[in-house]
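Colleague: I would like to learn how to read a few features of a model. Please give the general idea each time, then the case at hand.

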Amino acid sequence: MRENEASTKGRVIADLLSHLTNDFQIGKKIKSGELRKRLKEPPWIVPSCFSMTGIEMEDFSMKFLEKKENPNRDYVILQLHGGGYMGAVRNAYYVFAGLYNEVSNGCSVLTPDYRVAPEHPYPAALMDALCAYQWLLDSGYYGEQIILAGDSAGGGLAMSLCMYLREHHMPMPGGIIAMSPWTDLTASGESYTTNYEKDVLFGNTKESMIYVNDYPGEHDKMDCYISPLFGSFRDFPPMLIQVGSAEMLLSDSVSVAAKAREQGVKVRLSVYEEMFHVFQMAYLNIPESKKAWAEVGVFFDTLRKDTRL
């Protein structure tokens, strides 16, 4: 599915981001991830309709958000945040958790603050995601009840985790939601060239976290646990992939969707015209993001219908 044109609000937000990231000092820090790593935030204020429980693991911590009244037990969402494998979880992802809860008709959301580079290169993020998944299994959820959701690096991590689970004969998840997933850390796709000057977040520089990233360390970037594009998608659950047409990472989504379909996976790929990387971060404030979140809700409805939960 591809939208015909961007909304006026969507273009305005994209233009504002472009002006911000083209500022020499601020823009460089945004594109490299430096600004996010240094960002200090106050504790997130949990809306009164939710409870949020902190969970301490051996190497990282997690937050479990659920409705106080009538939580939906059909599915549980394991949210893997973005940040180029170099940025920790931020308050924006707890807002994401609330939105996932809303559009899924009340499903709880587990958000791990997994370890990141350069202090913790591969396979730290993958192992932490695996531990979070195992925690849900140990808490009584079946694999098919767990929906993996992630944006950017988190979207790629969700696919890598699914490959790891399959190869190690563990219960597979019930679905994957990937927003602007980073699936090719070799940056080999066509859009890395065609959208180089269009991408408002990462374009016009080879010093962004796309090209300068400590996560792979000495490992091969084509390893499927680092770049899932180069792995097999056989036996994967249904996937919803959303991406903006102006992203350098557009090819990461298009190529994964094509490969997965060829291997028998149900995939819905939605390309939103002129949209920027993880435009869903606009929440419900622009038509494109609002539609994307509604599409996530439809994805859950379809899963319930197909599995008769």
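Modeller: Start with exposure: a residue is buried under 20% relative accessible area, exposed over 50%, and partly exposed in between, using a 1.4 Å probe and protein chains only. His-169 is exposed, with a relative accessible area of 75%. This is a predicted model, in which local features need pLDDT of at least 70, side-chain atom pairs count only at pLDDT 80 or more, and totals for chains, interfaces and linings use all residues. Residues are numbered from 1 along each chain as its sequence is written, and side-chain values use heavy atoms, with hydrogens and water left out.

Colleague: Where is His-169 found?

Modeller: Helices (H or I, at least four residues) and strands (E, at least two) are DSSP runs, numbered from the N terminus. His-169 is in the loop between α6 (153-167) and β6 (175-179). Its phi is positive, about 55 degrees, although His-169 is not a glycine.

Colleague: What is phi of Tyr-283, and is Tyr-283 exposed, partly exposed or buried?

Modeller: Tyr-283, also a residue other than glycine, has a positive phi near 60 degrees. Tyr-283 is partly exposed at 22% relative accessibility and sits in the loop between β8 (267-272) and α9 (287-307).

Colleague: Which peptide bond has omega near 5 degrees?

Modeller: The bond from Ala-117 to Pro-118, which is cis. Pro-118 belongs to the loop between β4 (107-113) and α5 (124-138). Tyr-122 and Pro-123 are also joined by a cis peptide bond, with omega about 15 degrees, and Pro-123 lies in the loop between β4 and α5.

Colleague: How many disulfides are there?

Modeller: A disulfide is a pair of cysteine sulfur atoms within 2.5 Å. The count here is zero. For Cys-107, the closest cysteine sulfur is in Cys-49, 14 Å away, too far for a bond; Cys-107 is buried, at 0% relative accessibility. For Cys-224, the closest cysteine sulfur is in Cys-162, 11 Å away, again too far for a bond; Cys-224 is partly exposed at 22%.

Colleague: How many helices and strands does the chain have, and how compact is the chain?

Modeller: The chain has nine helices and eight strands. Its radius of gyration (over C-alpha atoms) is 18 Å, close to the 19 Å of the globule rule for 309 residues, so the chain is as compact as a globular protein of that length. That rule is 2.2 Å times the number of residues to the power 0.38. Buried residues make up 56% of the 309 residues.
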